[in-house]
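Subject: Structure for you to look at

Hello,

Here is the structure I said I would pass on. Please open it before reading further, and keep it on screen while you go through the notes.

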Amino acid sequence: MTLLALEIGPAGFAASRVADDVGEDDIRRHPIPDRAAWEVCRDLLLEVSGEDEVTAVGIASVGPIDMAAGVVAPPEIPEWRMGFGIIEAVQKLFPVATIQLALDGVCLGLAERNFGATSEVMDALAVTISHRISAGVMVGGFVVVGRTGNAGHIGHMLVPGFDEQCECGGRGCLEAVAGGAALVRWAQGQGWPGRGVEELVESAGTGDEIATAALGRAGTALGRAIASVAPLLDIDRVVVGGTLAKAGAPLWKPLNKSVATHARVGFLTGLRVVPSELGDVGVLAGAGVLALTAAQAE
């Protein structure tokens with residue numbers, strides 16, 4: 001029985017087998033190509049599957065998605081923006097496999113629930129903050145998927161005090177302030193000469209004032225969003241992962257200050273916001289949970 005996990009992220013694809021001994025060296029990755037996205041994705045899956053018959057595949061994708069139809073529409077992949085039938089395509093590749101699709105934030109929530117910092121709590125939020133921002137909402141021990149599969153789009157919560165234009169067409173969304181692409185644009189507009197989220201984090205780590213200010217804005221906005229979600233769902237644990245979560249004090253100090261300032265309702269006294277311990281494999285690990293669930297259902 002061979003199970004596969006596939007991640008469709010804003011910056012690239014990742015795929016691996018689902019097994020206890022899978023490490024970083026066993027994961028195959030490829031940046032989003034300019035064209036022939038499915039062919040690249042297909043080749044990754046075939047590489048990790050080898051000659052074995054695949055019986056289940058779990059797919060984690062950046063949104064928006066249509067979980068029931070098996071369609072993804074990531075803005076970063078031009079060929080797929082109007083919708084790509086990922087489940088149909090993978091089914092043709094592995095005819096006997098059972099395939100499950102979920103939002104990347106939902107998959108992070110599943111991974112944190114099974115392997116990470118929310119394994120001992122029933123109500124929590126797992127946030128991934130990198131190029132884009134998504135979340136897994138856990139209520140009563142179950143990760144919420146929503147009507148279309150898009151529950152967890154915390155990146156499109158409105159954040160008080162900000163009015164930036166968002167790619168979704170709205171204004172003041174969390175992602176328009178704290179998403180990696182937005183942070184880089186803001187920093188470059190202030191005169192920062194670098195490129196990319198990773199370089200921004202490195203610059204802040206060396207004391208660059210503009211990079212530090214950019215991450216400070218992100219931390220403040222994310223803290224306000226968390227402080228809004230926490231009383232709505234009565235959660236006591238928030239886990240933050242992704243590239244920007246590694247930024248250290250420039251992000252976490254304003255984030256914690258913002259949460260402490262705004263999450264003041266008495267029943268939130270036990271609220272904790274902690275960094276994820278799953279590193280860069282959280283979303284892919286959640287896709288693995290999907291594959292395991294699909295296999296067990298069969």
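Predicted model: local features only at pLDDT ≥ 70, side-chain atom pairs only at ≥ 80, totals over all residues.

Strands of a sheet pair through backbone hydrogen bonds, either parallel or antiparallel. Here, five strands make up an open sheet with mixed pairing, and their order is S3-S2-S1-S4-S8. Strand S3 (28-31) and strand S8 (98-103) are the edge strands, each pairing on one side only. From one strand to the next, the twist averages 15°.

Helix H1 (residues 37-49) lies across strand S1 (2-8), S2, S3 and strand S4 (54-61), and runs at about 20° to S2. Helix H3 (residues 104-115) also packs on the sheet, where it touches S4 and S8. The direction of H3 makes about 100° with that of S8.

Helix H2

Which residues of helix H2 (residues 86-93) are buried? They include Ile86, Ala89 and Val90. Seen down the axis of H2, the buried residues fall within an arc of 95°, so they line one face of the helix. Glu88 and Lys92, on the other side of H2, are exposed. The buried residues of H2 are covered by elements including S1, H1, S4, strand S6 (71-72), strand S7 (84-85) and S8.

Regards

Technical notes. Residues numbered from 1 in each chain as written. Heavy atoms only, no water. Pairing = 2+ DSSP bridges. Helix = DSSP H or I, 4+ residues; strand = E, 2+ residues; numbered from the N terminus. Axes fitted to C-alpha atoms, helices over the stretch in contact; angles between N-to-C directions. Contact = heavy atoms within 4.5 Å. Buried < 20%, exposed > 50% of the residue type's maximum accessible area, 1.4 Å probe, protein only. Arc of directions from axis to C-beta.
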